[in-house]
Amino acid sequence: MEPIRVFSGRLAPLPINDIDTDQIIPARFLKVTDKEGLGAACFSDWRYEADGSPKPDFVLNQPVYQGASILIGGHNFGCGSSREHAPWALLGAGFRAVISTYFADIFRNNALKNGLLPVVVDAEMHQQLISLAQEDPSAEVTIDLEAQSVTLPDGRQVTFPIDPFSRYCLLNGVDQLGFLLSLNDQIEAYEAQHAARVLTTSA
Amino acid sequence: MTTNGHFNRNRARTLFEKVWDQHLVRPQTPDTPAVLYIDLHLVHEVTSPQAFALLRERGLKVRRPDKTLGTMDHSTPTTPRNALGIIPVTDQMAAAQLDVMRKNCADFGIPLYDLGTSNQGIVHVIGPEQGLTQPGMTIVCGDSHTSTHGAFGALAFGIGTSEVAHVLATQCLLQNQPKTMAIRVDGRLQPGVTAKDIILAIIAKIGVGGGTGYVFEYMGEAIRSLNMEGRMTICNMSIEGGARAGLVAPDDTTFEYVAGRPYAPRGADWERAVAAWRQLPSDDGAVFDNEVTLNADDLVPMITYGTNPGMGMPITGRVPDPDHLSDVSQKMALDKALKYMALQPGQPLLGQRIDVVFVGSCTNSRISDLREAARLIKGRKVAEGVRMLVVPGSQQVKAQAEAEGLHEIFKAAGAEWREAGCSMCIAMNGDQLQPGQYAVSTSNRNFEGRQGKGGRTFLASPLTAVAAAVSGVITDPRELMN
Ligand code: SF4
């Protein structure tokens with residue numbers, strides 16, 4: 001995974017509460033066995049008419065928001081299904097971060113493992129960012145993972161929380177599996193001390 | 001406390017804390033999450049292929065194939081078998097995905113309940129049914145409704161595909177310790193009111209984000225008096241309240257259910273296991289971070305009107321009016337939902353015309369759900385113009401239902417009797433609503449398009465589903481029970 005430190009991007013506002021992962025990537029696109037091509041299906045049912053033509057009023061179809069790399073979602077973003085296809089689809093659609101007041105647990109975990117930053121801000125800043133995106137779609141904000149900050153074009157800055165371990169992994173481009181594999185001795189010790197509860201191979 | 005790895009053994013602990021503590025390979029530190037050992041990893045075809053691909057890419061093995069089990073459920077057809085007894089897969093992408101699952105399980109030595117074989121079914125139905133799900137275990141699956149297994153007093157939760165790879169490779173997960181919420185349901189359920197109505201009422205009360213960051217423990221007289229299948233229905237939808245896991249303390253009802261199942265301990269092992277399980281319930285004085293209470297005496301059948309499971313109300317109620325909400329974003333969300341559902345603020349749902357009824361899913365497709373539905377539909381007919389699907393949760397449930405003649409009751413009423421799988425809960429397999437259709441569904445999600453693009457879902461209990469099927473409109477099941 002590529003390390004993430006600082007990046008700047010334009011905002012796309014989608015301030016709807018409780019956006020579930022079925023909206024981010026509908027289930028009929030989950031019959032894949034890899035991660036490719038999901039970007040085209042991101043928000044498919046909000047984005048396209050039944051005949052496949054784009055819905056002109058949907059924010060991501062508006063010319064001014066083309067190329068935006070930071071999505072502003074509403075409260076409780078990413079609720080519902082655990083499908084990791086949701087962050088894959090958002091990344092595939094060109095997003096590097098999602099800003100919300102609140103993320104659903106599994107989505108946040110999945111996003112962090114794929115280098116899609118879930119950035120939590122308070123309701124006031126959330127509203128300011130939405131206004132900024134609506135009034136000036138060309139405005140760029142800067143997200144600094146090391147400083148855990150979001151900087152607006154006028155210099156205003158807010159910090160956001162992130163657990164130290166995820167931050168470390170993202171800053172250094174290391175994945176969490178490597179850390180778990182390095183604990184092999186401890187896992188073996190645990191297994192030696194704890195009898196298996198069930199073995200699926202022996203009914 | 002668990003932070004430094006020193007436990008105060010005398011401190012009163014919750015059920016969750018006990019299971020958590022027993023599975024710590026390495027406690028949480030200021031820099032790293034806790035490392036939690038996983039006793040059982042369930043795998044299905046949709047959320048695992050990319051995880052197996054990662055293992056191959058890194059040259060890794062599955063650490064404990066003997067603690068892993070595969071099944072096929074999400075993209076599988078539930079249409080009847082052909083003359084050779086085979087369930088034909090006509091969707092080429094689904095067929096390819098199922099083949100990848102077969103190859104992955106074969107290559108990595110994981111037992112697989114293949115499509116149409118006698119133990120296959122929805123991943124959260126087969127674990128308990130086989131006796132694999134037992135109190136005090138940690139259970140994960142790349143599926144958010146893994147919370148179902150919490151009904152046994154197991155810590156069970158859904159994970160993403162990266163985490164599926166973590167567990168395949170190391171049998172461990174990195175987790176920050178969640179908070180705990182006690183959900184107390186006192187009183188007794190009235191006739192016609194079920195476990196599904198309890199959980200829909202809880203979610204309507206706390207909202208779809210209300211449990212984020214928490215593990216629920218359901219307790220109180222109404223929970224205690226439920227059978228295991230009712231408890232599973234409740235724990236199943238913990239995720240709809242935002243919680244990754246929901247537990248019920250194990251008791252004699254739990255032990256009776258587990259006893260004698262294929263993977264249950266036997267003989268002296270059984271006695272030892274039960275003795276250990278009896279230590280699991282939360283201690284007197286254990287502290288929860290939050291608490292919600294509900295009284296079952298007051299509950300009536302529940303139904304959803306909107307596009308998330310928190311938008312639910314008593315079936316006798318009226319659709320809320322967005323103009324009565326003060327919070328702007330909530331108002332917007334309700335506006336959007338009612339527009340999608342094509343419902344008017346203030347209208348009752350009783351009498352609302354419907355097109356499809358779906359009885360199935362990991363929430364309500366077990367034998368007791370089918371028995372209840374069959375009892376109510378017996379001697380009645382599915383209304384003209386309504387399509388009803390009954391999809392058993394597993395091949396075992398299907399066989400049991402057929403042994404009891406339930407399938408004949410459903411078929412005589414005019415319902416479709418299907419093979420086991422997720423089916424119209426997620427609409428990946430061709431079982432889906434047409435745009436604009438209304439469905440009463442016993443599943444767990446009423447999100448836009450969940451049951452088919454443009455489809456509109458009312459979530460309810462199996463009894464309410466049957467009442468709608470035979471009336472052609474949303475109907476209070478209690479009216480049919482008198
Ligand atoms: S029945 Fe529905 S909710 Fe349950 S596992 Fe299948 S798709 Fe998921």
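Colleague: Is Thr14(B) buried or exposed?
Modeller: Buried, with a relative accessible area of 0%. Bear in mind that this is a predicted model.

Colleague: Where in chain B is Thr14(B) found?
Modeller: In the segment before helix H1 (15-22) of chain B.

Colleague: And which residues does Thr14(B) touch, leaving out those up to four places away in sequence?
Modeller: Thr180(B), Ser282(B), Ala286(B), Val287(B) and Phe288(B).

Colleague: Switching to the interface. What area do chain A and chain B bury between them?
Modeller: About 5,800 Å², with 59% of it on carbon and sulfur atoms. In chain A, Lys31(A), Arg197(A) and Thr200(A) lose the most area to chain B. Together they account for 14% of what that side buries.

Colleague: How many residues does the contact take from each chain?
Modeller: 62 residues from chain A and 76 residues from chain B.

Colleague: How many salt bridges between chain A and chain B?
Modeller: Eight. One salt bridge joins the side chains of Arg450(B) and Asp22(A), at 3.0 Å, N to O.

Colleague: How many residue pairs are in polar contact between chain A and chain B?
Modeller: 28, with both residues at pLDDT 80 or more.

Colleague: Which helices of chain A supply at least two residues each to the side that touches chain B?
Modeller: Several, including helix H3 (85-92), helix H4 (105-112), helix H6 (164-172) and helix H8 (184-193). H8(A) gives the most to that side, with six residues.

Colleague: How do the residues on that side of chain A divide?
Modeller: Into 26 nonpolar, 18 polar and 18 charged.

Conventions: Residues numbered from 1 in each chain as written. Chains lettered and ligands numbered in written order. Predicted model: local features only at pLDDT ≥ 70, side-chain atom pairs only at ≥ 80, totals over all residues. Heavy atoms only, no water. Helix = DSSP H or I, 4+ residues; strand = E, 2+ residues; numbered from the N terminus. Buried < 20%, exposed > 50% of the residue type's maximum accessible area, 1.4 Å probe, protein only. Contact = heavy atoms within 4.5 Å. Buried area = accessible area lost by both parts, 1.4 Å probe. Salt bridge = Lys/Arg side-chain N within 4 Å of Asp/Glu carboxyl O. Polar contact = N/O pair within 3.5 Å; in protein donor to acceptor, adjacent residues only side chain to side chain. Nonpolar A, V, L, I, M, F, W, Y, C, P; charged D, E, K, R; others polar.
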